[in-house]
Each structure stands twice: as C-alpha cells, then as structure tokens.
Amino acid sequence: MEKKSLMGKYDFDTPINRRGTDSLKWDVKENELPMWVADMDFQTAPEIREAIADRLSHGVFGYSDLTDEWYQAYQNWWKNRHGFEIEREWLIFSTGVIPSISSIVRKLTTPNEKVIIQTPVYNIFFNSIVNNGCRPLESPLIYKDGNYEMDLADLEKKMADPQASLMILCNPHNPVGRIWNRDELAKVGELAKKYGVTVISDEIHCDITIPGKSYVPFASVSDTCKDVSITCIAPTKCFNIAGLQTSAVVVANPFLRHKVWRGLNTDEVAEPNSFAQVVTEAAFNKGGQWLDEMREYVFTNRKIAEDFIEKEIPGISIVHGEATYLLWIDISSLGKSSEEVAASIRETTGLYITEGIEYGEAGRYFLRMNVACTRATLMDGLNRLKEGIKRVAD
C-alpha cells in the first residue's frame with residue numbers, strides 16, 4: 001500500500017536506495033552525494049508502476065505498434081493541461097527527445113551550417129550540433145538583476161546569418177528555469193519566419209513548473225510559430241521514467257513533418273518498445289495528482305534552498321526559477337570559475353553538482369544543483385554546499 005505523505009496521497013519523503021542499481025546518477029563513491037544529472041530520486045507514480053507490472057505479467061515482448069490510446073493520451077494531456085489542441089497526424093513516436101533533436105539536426109542541415117542556441121543552455125544540445133557536423137551559434141541570454149531574458153536583438157542578428165537555418169529553443173529553459181511568455185515566443189516565431197529558420201522546441205521540462213502556473217507551448221502561440229516549428233515532448237522527465245525510452249515529436253507543417261518522420265525512421269529511433277506506450281498512457285491518463293503533489297514538494301524544496309542559501313551562504317544566490325527542479329546558482333562573487341568551484345566542493349565535501357561552464361561560456365560563474373530528492377537529502381546537500389563554498393571563499 002502506498003504510504004501517504006503529510007502533503008497528500010503520495011510519499012516523497014521515504015528515501016530510495018539507488019546505489020548498486022546501475023544508476024548513472026548514483027555511480028559515485030560511498031561518501032559522495034550526487035545532485036547533478038536531471039533525474040529524480042522519487043519512485044515514479046504507483047499508477048505507472050502498476051501499468052508496467054500488468055504489461056510484464058503478459059510475458060511476451062515482441063514488436064509493438066502504436067495504439068489509438070497513445071495518441072489520445074498526448075492529445076488530452078496537452079489540451080487539458082496546456083490549452084493546446086494537437087491533431088493526431090502531427091504526432092510521431094520517438095525513443096527520446098535528444099535522439100529526436102540529433103536526428104532532426106542531421107536531416108535538416110548540411111555540414112558546417114550553424115544551429116542557434118540561447119546560452120547558458122542544456123549541454124547536450126552542443127553534442128547534437130557538433131556531432132552532426134554543424135556549429136553552435138550562441139545567442140546569450142541577458143542576465144540582469146538576478147533574472148534572465150532573451151536578447152531579441154542579438155537573436156535577430158544570429159537568425160539573419162545565411163548559414164543558420166535551425167534553432168533549438170529550450171522551453172521552459174534548462175538550466176535557468178525561465179518559462180518563456182507568449183510575447184517572447186511570438187517574437188521568436190516571427191524572426192524564424194522572416195529569416196527562414198526552423199525552430200526545434202525542446203519542451204521536456206514543461207510539466208515541472210511552479211504550482212499554479214503552466215508553460216506556453218511554442219506551437220500554440222500563433223499560426224506562424226506552429227508552421228515553423230518542431231516540438232519535442234515526453235512524460236519521461238516529469239514522471240521520472242527516462243530509462244524507458246519514450247517521447248513524441250509534434251509537427252504541424254506537413255512538409256516538415258515528412259522530413260522529420262523520414263529522419264527518425266532512417267535513424268531507427270521511431271519504434272516503441274513493449275513498455276513505451278504503456279507508461280505514456282498511464283502517466284498522462286492517471287498520473288496527474290502524483291505530478292501535482294511532486295511539484296508542490298519540489299518547489300517547496302526550491303524555496304527551502306533559496307532561504308538557506310540567502311541566510312547561510314553569503315555571497316552566492318539562486319536565480320529565481322519558475323520551472324524545473326534544478327537550481328541555477330550565481331557564484332560570480334567568488335571570482336573563480338565553476339569548474340574550479342565544483343571540483344573543490346566535490347573533493348572537500350563529496351557533493352557532486354554541475355559546473356555551469358558545461359552550458360556555455362555564459363554559465364562560467366554558475367552551478368546547477370538538482371533538488372528533486374527527499375527533504376533529508378536536500379538538507380545534507382545544502383550543508384555540504386555551505387561547507388564547500390566556505391572552503392573556496394577562505
């Protein structure tokens with residue numbers, strides 16, 4: 001029987017031992033505490049686990065075909081949660097958001113073209129670009145008074161480059177935690193149309209938003225945004241099922257859709273495994289309450305961390321975030337690069353967090369820290385951070 005937390009139906013306080021489970025995150029030394037890679041330490045929703053158990057009991061795991069229920073799960077979730085009506089034919093199955101992005105970069109570019117990204121941004125975008133023979137074209141975000149905004153003037157200059165035919169948009173933005181508003185996204189769409197740029201919108205973090213606030217799907221903003229875009233979505237980040245390899249690509253423009261479909265199939269990343277649609281349907285059809293309670297827990301963690309750092313660790317600060325369970329911590333006052341600071345913290349305290357330089361030069365004086373964990377783990381991590389920063393400062 002599922003243990004209830006004080007907050008509601010589901011339990012996020014009981015620790016789950018992930019050591020020795022082939023976990024990428026927890027493959028660390030015994031004294032180390034990993035709060036780096038973006039996966040949660042919570043068990044996924046029991047409704048999803050039950051669906052997996054039901055499928056497992058059948059015992060035959062041959063080739064799978066997509067069902068009507070898979071399409072309906074995505075359509076209903078985005079209509080009911082985000083006010084965006086997705087037509088069935090717009091949806092293409094993919095094994096993951098990053099495989100999709102890499103495949104689309106391969107299909108829609110030629111070698112040595114440029115792909116626009118707004119840095120600091122998810123480091124694997126660089127891999128998807130460079131590994132496919134293209135060059136990252138950075139349009140750094142504006143960081144002012146502890147907040148980030150798009151540099152639309154710079155973005156226009158980058159889109160005007162005839163060698164830049166593609167942009168990867170992170171919506172909501174990882175690692176800075178911004179939910180881009182409708183006006184900002186509309187401007188991106190207008191610029192993309194003006195300069196013939198296709199926008200890949202990575203929306204994998206879309207359901208991990210501050211309680212009471214939804215994100216704005218890029219393709220929902222206008223017909224222009226819809227026509228110039230390819231959207232990558234999945235239940236994997238918000239329900240902690242990334243290891244189950246399931247996602248979708250949404251493309252309204254039929255010409256773009258055919259090219260994307262062809263690319264995904266050429267790269268053999270468009271075939272579901274035996275559990276891919278099972279977990280998708282369970283998540284979107286039955287996981288809403290679990291997700292809402294998880295968001296409450298995680299954003300309480302964020303608030304605890306903000307208060308702790310403000311009170312206990314003078315000289316550094318957290319950038320206000322409306323989305324993701326990832327803290328973006330400004331360490332510029334220390335006068336040392338994030339590589340040096342993160343390495344020192346790990347060596348002296350065992351706390352493993354990510355150096356901001358991984359997300360581009362604009363992240364040089366920042367750290368990223370994952371707070372999707374139990375409250376006890378959070379406090380352990382914050383105390384280690386305090387000790388590590390003090391040693392760096394001294």
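Me: Which residues are exposed on the other side of H5?

Reply: This is a predicted model, as should be kept in mind throughout. On the other side of H5 the exposed residues are Ala153 and Lys157, and exposed here stands for a relative accessible area over 50%. The buried residues of this helix, by contrast, are Asp154, Leu155, Lys158 and Met159.

Me: What puts the buried residues on the same side of H5?

Reply: The buried residues Asp154, Leu155, Lys158 and Met159 cover an arc of only 140 degrees around the axis, which places them on the same side of H5. As background, an α-helix has 3.6 residues a turn, so residues three or four places apart point the same way.

Me: What covers the buried residues of H5?

Reply: The cover includes strand E3 (114-117), strand E4 (135-138), strand E7 (164-170) and helix H6.

Me: Why are H5 and H6 called roughly parallel?

Reply: The axes of H5 (residues 152-159) and H6 (residues 182-195) come within 10 Å and cross at roughly 20 degrees. Angles under 35 degrees count as roughly parallel, and the two helices are therefore described as roughly parallel to each other. The crossing in which H5 passes H6 is right-handed.

Me: Which residues make the contact of H5 with H6, and how do they divide by class?

Reply: From H5 come Leu152, Leu155, Glu156 and Met159, and these meet Lys187, Val188, Leu191, Ala192, Lys194 and Tyr195 of H6. By class, the residues of this contact are seven nonpolar, no polar and three charged.

Me: Why does Arg384 count as buried?

Reply: Arg384, which has its place in helix H13 (residues 375-393), counts as buried because its relative accessibility is 17%, and the limit for buried is under 20%. Leaving aside neighbours within four places in sequence, Arg384 is in contact with Asn31, Glu32, Leu33, Thr349, Gly350 and Leu351.

Me: Why is Asp394 called exposed?

Reply: Asp394 is found in the segment after H13. Its relative accessible area is 71%, and Asp394 is therefore called exposed, the limit being over 50%. Asp394 and Leu334 are 60 residues apart in sequence and 10.0 Å apart in space, C-alpha to C-alpha.

Me: How do you know that Lys114 is buried?

Reply: Lys114, which lies in strand E3, has a relative accessibility of 17% and so counts as buried. Beyond its neighbours within four places in sequence, Lys114 is in contact with Arg135, Leu137, Asp161, Gln163, Ala164, Ser165 and Leu166.

Me: What sets apart the phi of Asn240 and of Thr324?

Reply: Most residues other than glycine have a negative phi, and most peptide bonds are trans. Asn240, however, has a positive phi near 60 degrees, and Thr324 has a positive phi of about 75 degrees although it is not a glycine. Asn240 is found in the loop between helix H8 (236-239) and strand E10 (247-250), and counts as buried because its relative accessibility is 18%. Thr324 is found in the loop between strand E11 (317-318) and strand E12 (326-330), and is buried with a relative accessible area of 0%.

Me: Where are Pro120 and Pro175 found, and what is the omega of the peptide bond from Thr119 to Pro120 and from Asn174 to Pro175?

Reply: Pro120 lies in the loop between E3 and helix H4 (124-130), and the peptide bond from Thr119 to Pro120 is cis, with omega near 5 degrees. Pro175 is found in the loop between E7 and H6, and the peptide bond from Asn174 to Pro175 is cis, with omega near 25 degrees.

Terms used. Residues are numbered from 1 along each chain as its sequence is written. This is a predicted model: local features need pLDDT of at least 70, side-chain atom pairs count only at pLDDT 80 or more; totals for chains, interfaces and linings use all residues. Side-chain values use heavy atoms; hydrogens and water are left out. Axes are lines fitted to C-alpha atoms, for helices over the stretch in contact, and angles run from 0 to 180 degrees between N-to-C directions. Helices (H or I, at least four residues) and strands (E, at least two) are DSSP runs, numbered from the N terminus. Angles under 35 degrees count as roughly parallel, over 145 as roughly antiparallel, 65 to 115 as roughly perpendicular and the rest as oblique. A crossing is left-handed if the near helix is turned anticlockwise from the far one by less than a right angle, and right-handed if clockwise. Contact means heavy atoms within 4.5 Å. Ala, Val, Leu, Ile, Met, Phe, Trp, Tyr, Cys and Pro count as nonpolar, Asp, Glu, Lys and Arg as charged, and the others, Gly among them, as polar. Buried means under 20% relative accessible area, exposed over 50%, partly exposed in between (1.4 Å probe, protein chains only). The arc is that of the directions from the helix axis to the C-beta atoms.
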